[in-house]
Amino acid sequence: LHYNIRFVKTNHTMDDQKTFSGFICGILSQDRDIEKIFIDGLHNIIKNLTTDGIAGFVSEIEEISKENNVDFTFIISGKADALPENAKKYVI
């Protein structure tokens, strides 16, 4: 791995997508040079993540991405058909 890569481990689950969005904003506020954020296991980080929760989270991340010029990659376990419409356009 490149020496510029930073690994941030969440030691506990977040209650909702707003809490996790705030966590991400906190990271970005400390380092304005971040270009990409990879998040593995979104369902393991945000407890009780629902389809509506994913939809809200995607909307929040789109705003954060635009405001901070940061690209996000998420790994979400599940079927693409079960995702909300605003998230389906990001499925690879």
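A polar contact, as the term is used in these legends, is a pair of N or O atoms within 3.5 Å, of which, within protein, one must be able to donate a hydrogen and the other to accept it. The structure shown in every view is a predicted model.

**Figure 1. Ser-21 and its polar contact with Glu-60.** The side chains of Ser-21 and Glu-60 are joined by a polar contact of 2.6 Å. Ser-21 belongs to helix α1, which covers residues 17–30, and with a relative accessible area of 5% Ser-21 is buried, because the limit for that class is under 20%.

**Figure 2. The chain as a whole, for orientation.** The secondary structure consists of 4 helices and 2 strands, and these elements follow one another along the sequence in the pattern α-β-α-α-β-α. Taken along the principal axes, the box filled by the C-alpha atoms is roughly 35 × 25 × 25 Å. Of the contacts between residues at least 6 apart in sequence, 71% join residues that are at least 24 apart.

**Figure 3. Surface and charge of the chain.** Of the 92 residues, 30% count as buried, while the accessible surface of the chain amounts to about 6,900 Å², with 50% of that area belonging to carbon and sulfur atoms. The chain carries 10 positive and 14 negative side chains, and a separation of 3 Å lies between the centres of the two sets.

**Figure 4. Asn-44 in helix α2.** Helix α2 spans residues 42–45, and Asn-44 is found within it. The relative accessibility of Asn-44 is 61%, and Asn-44 therefore counts as exposed, the limit for that class being over 50%. Although Asn-44 and Met-14 are 30 residues apart in sequence, their C-alpha atoms are 9.0 Å apart in space.

**Figure 5. Asn-48 and its backbone angle.** Most residues other than glycine have a negative phi. Asn-48, which is not a glycine, has a positive phi of about 55 degrees. Asn-48 is placed in the loop between α2 and α3, the latter helix comprising residues 51–68, and Asn-48 is exposed, with a relative accessible area of 70%.

**Figure 6. Asn-69 and its backbone angle.** For Asn-69, too, phi is positive, at about 55 degrees, although the residue is not a glycine. Asn-69 lies in the loop between α3 and β2, where strand β2 is formed by residues 71–75. The relative accessible area of Asn-69 is 67%, and the residue is accordingly classed as exposed.

**Figure 7. Ile-92 in the segment after α4.** Helix α4 comprises residues 85–88, and Ile-92 is found in the segment after that helix. With a relative accessibility of 99%, Ile-92 counts as exposed. The C-alpha atoms of Ile-92 and Ala-80 are separated by 9.5 Å, these two residues being 12 apart along the chain.

Conventions: Residues are numbered from 1 along each chain as its sequence is written. This is a predicted model: local features need pLDDT of at least 70, side-chain atom pairs count only at pLDDT 80 or more; totals for chains, interfaces and linings use all residues. Side-chain values use heavy atoms; hydrogens and water are left out. Buried means under 20% relative accessible area, exposed over 50%, partly exposed in between (1.4 Å probe, protein chains only). Contact means heavy atoms within 4.5 Å. Accessible areas come from the Shrake-Rupley method with a 1.4 Å probe; for residues, only the protein chains shown count as cover. Lys and Arg count as positive and Asp and Glu as negative; His and the chain ends are not counted. The place of a charge is taken as NZ of Lys, CZ of Arg, CG of Asp or CD of Glu.
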